[in-house]
Amino acid sequence: MRLPYYKNRRGQIYHGDCLDIMKEMADDSAEALVTDPPYCSGGRQQQGARNQIEKSVRDEWFMGDNMGVDSYVWWMREIAQEAIRIVTPGSMAFVFTDWRQYTTLVNTWESARWTLRGAFVWDKAKGGAMGSYWRNNHEWAAIFTKGKPRPLAHRSCFNTWQGPKPQGGLHPTQKPLELMEYILGAVTPKPARILDPFIGSGTTLLAACSTGHNFIGIEIDEAYVKKSIRRVESYKSGLTEAEQEEGQQTLFEE
Ligand SMILES: C[S@@+](CC[C@H](N)C(=O)[O-])C[C@H]1O[C@@H](n2cnc3c(N)ncnc32)[C@H](O)[C@@H]1O
């Protein structure tokens with residue numbers, strides 16, 4: 001297994017392609033997977049089409065977001081297969097997507113032997129509305145388990161959550177910290193090792209700290225790896241003095 005880019009007492013962050021890194025991970029090395037992969041749902045192209053062609057093909061909104069459906073299916077299935085090997089029996093996988101890709105995501109994960117347990121909706125209320133016809137103001141997640149689920153932490157785990165998009169501007173698709181805390185607050189055992197193969201600005205990792213869990217994060221874009229490290233290091237109240245100190249000793253490779 002390669003060296004992490006960063007580690008502290010709560011967890012590790014790896015820089016690279018998550019599929020390569022997940023292939024190196026041992027069996028049973030996490031108790032939950034909570035992640036927000038690229039949706040590959042055409043958002044960037046639609047946005048570009050309203051402007052000019054050059055803009056729409058120039059770059060991706062963020063890495064991996066411009067795949068067609070066939071590539072997305074192959075890719076998600078590979079990730080789902082590695083994920084089910086990596087987590088312990090009874091573990092949950094909580095994977096964000098949108099209305100367009102929900103069934104495709106479910107098919108790929110079910111075909112890798114994950115059991116679908118339900119859909120989750122993040123209702124952004126009026127503040128998050130996009131588009132001009134039926135204005136889209138929600139996102140989905142699919143909830144799976146590896147076999148029979150472990151009990152959740154409490155009985156108030158409902159599959160909708162309402163709250164606006166964060167204003168922080170750390171990532172184009174940054175999730176609200178409170179949303180991720182709501183999800184991770186349900187995870188057992190405590191602490192669990194939470195695997196997020198697509199950390200972006202590190203919201204899942206921060207929520208893992210504040211809900212008493214540990215984390216394993218992966219991100220392909222080094223700029224976001226660095227943002228995530230800064231966020232984890234700035235998090236104080238969930239860490240002991242010793243953990244904060246150790247968090248400063250980063251393992252930057254450059
Ligand atoms: C939807 S964003 C995650 C945003 C995150 N939830 C947040 O709150 O900031 C997905 C992230 O996955 C990263 N990514 C795309 N392909 C990847 C790959 N093959 N391996 C690891 N990370 C990847 C992108 O760079 C992007 O930052």
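Strands β3 and β8 run parallel and are joined by two bridges; strands here are DSSP runs of E with at least two residues, helices are runs of H or I with at least four residues, and both are numbered from the N terminus. Two strands are taken to pair if DSSP finds at least two bridges between them. The structure is a predicted model, in which local features need pLDDT of at least 70 and side-chain atom pairs count only at pLDDT 80 or more, while totals for chains, interfaces and linings use all residues. Residue numbers start from 1 along each chain as its sequence is written.

The chain contains nine helices and nine strands. Of its 254 residues, 37% count as buried, a residue being buried if 20 or more other C-beta atoms lie within 10 Å of its own, exposed if 12 or fewer do, and partly exposed in between, with C-beta atoms placed from the backbone. Among contacts between residues at least 6 apart in sequence, 71% join residues at least 24 apart; two residues are in contact if their C-beta atoms, placed from the backbone, lie within 7 Å.

The nine strands form an open sheet of mixed pairing, in the order β1-β2-β9-β8-β3-β4-β6-β5-β7. Its edges are β1 (6-8) and β7 (160-162), each of which pairs on one side only. On average, neighbouring strands of this sheet are turned by 15° against each other, direction ignored. Helix α4 (residues 69-86) packs on the sheet, where α4 touches β3 (30-35), β4 (87-97) and β8, and its direction makes about 145° with that of β4. For such angles, axes are lines fitted to C-alpha atoms, for helices over the stretch in contact, and values run from 0 to 180 degrees between N-to-C directions. Helix α5 (residues 102-110) lies across β4, β5 (115-123) and β6 (138-145), and runs at about 15° to β6.

Strand β3 is largely enclosed by the rest of the structure, because six of its six residues are buried. Towards β8, A32 stands opposite I194 and L33 stands opposite L195. Towards β4, the pairing is parallel over five bridges, with A93 as the bridge partner of L33 and V95 as that of T35. Strand β4 is itself mostly covered, eight of its 11 residues being buried. Its pairing with β6 is antiparallel over six bridges, and F94 stands opposite I143 in that strand.

Strand β8 (residues 193-196) is also joined to β9 (residues 214-219), by four bridges between strands that run parallel. In this pairing, L195 stands opposite I216 and D196 has G217 as its bridge partner. From β8, R193 and L195 point one way and I194 and D196 the other way, and all are buried.

In soluble globular proteins, nonpolar side chains tend to be buried together. In this model, the largest nonpolar core has 58 residues, and those with the most contacts inside it are A32, A83, A93 and I194. Helix α4 supplies the largest share of this core, seven residues. A nonpolar core is a set of buried Ala, Val, Leu, Ile, Met, Phe, Trp, Tyr and Cys residues joined through C-beta atoms within 7 Å. When residues up to four places away in sequence are not counted, A32 touches V87, S91, M92, V187, A192 and I194.

H15 lies in strand β2 (residues 11-15) and counts as buried because it has 22 C-beta neighbours inside 10 Å. Apart from neighbours within four places in sequence, H15 is in contact with Y5, E219, E222 and V225. The C-alpha atoms of H15 and D221 are separated by 7.3 Å, although these residues are 206 residues apart along the chain.

The ligand is surrounded by 22 residues, of which the closest are G64, F198, G200, S201 and T203; a residue is near a molecule if its C-beta atom, placed from the backbone, lies within 6 Å of it. By class, this shell has 10 nonpolar, seven polar and five charged residues. In this classification Ala, Val, Leu, Ile, Met, Phe, Trp, Tyr, Cys and Pro count as nonpolar, Asp, Glu, Lys and Arg as charged, and the others, Gly among them, as polar.
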